[in-house]
Amino acid sequence: MSTTLTRPPHATGDLWLRECHGFRVDSPRGRIGLVQDVLFDDRERVSALRIAAGLTGRRMLVIDADDVARIQPSERRMRLRAQPTVLADYRGDGHPSHPHL
């Protein structure tokens with residue numbers, strides 16, 4: 001039996017968000033990618049996740065941690081409420097994927 005944790009909006013101190021490196025990230029529309037890094041605000045709360053997106057993982061997205069709806073630790077997966085709020089979007093070489101971001 002797998003454990004599923006529902007994350008309420010604006011939750012702080014969420015252990016599984018702090019420990020989600022390598023977790024698969026899905027939106028209602030399908031797979032987004034894998035968590036590469038967890039970003040913290042000035043109060044040491046998880047504020048965003050850096051996701052290696054796309055088939056090769058060379059596109060990097062930074063998404064708002066409040067977009068996470070559910071975490072399944074035993075499956076190393078997380079599900080977002082909707083399409084993510086993208087805070088940054090860049091290629092693996094560090095250059096923006098979209099010049100306006």
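User: Before we get to residues, when do two strands count as paired here?
Analyst: Two strands pair if DSSP finds at least two bridges between them, and the strands themselves are DSSP runs of E with at least two residues, while helices are runs of H or I with at least four residues, numbered from the N terminus. This is a predicted model, in which local features need pLDDT of at least 70 and side-chain atom pairs count only at pLDDT 80 or more, whereas totals for chains, interfaces and linings use all residues. Residues are numbered from 1 along each chain as its sequence is written, and side-chain values use heavy atoms, with hydrogens and water left out.

User: How do β2 and β3 run, and how many bridges join them?
Analyst: Strand β2 (residues 24-27) and strand β3 (residues 30-40) run antiparallel and are joined by 4 bridges, with a hairpin of 2 residues leading from β2 to β3.

User: And which residue in β7 stands opposite D26?
Analyst: That is R79; β2 and strand β7 (residues 77-80) run parallel, with 3 bridges joining them.

User: What about β3 and β4, how many bridges there?
Analyst: There are 7 bridges between β3 and strand β4 (residues 46-53), an antiparallel pair, and one of the bridge partners is A48 in β4, which faces L39. The hairpin between β3 and β4 has 5 residues, and E44 in its turn has a positive phi of about 65°.

User: Zooming out, what order do the elements come in?
Analyst: Starting at the N terminus, the order is β-α-β-β-β-β-β-β-β, made up of 1 helix and 8 strands.

User: Changing topic, how much of the protein is buried?
Analyst: Of the 101 residues, 35% are buried, where buried means under 20% relative accessible area (1.4 Å probe, protein chains only). The accessible surface, from the Shrake-Rupley method with a 1.4 Å probe, is about 6,100 Å², and carbon and sulfur atoms account for 50% of that area.

User: And what share of contacts joins residues at least 24 apart?
Analyst: Counting contacts (heavy atoms within 4.5 Å) between residues at least 6 apart in sequence, 45% join residues at least 24 apart.

Methods:
Buried means under 20% relative accessible area, exposed over 50%, partly exposed in between (1.4 Å probe, protein chains only).
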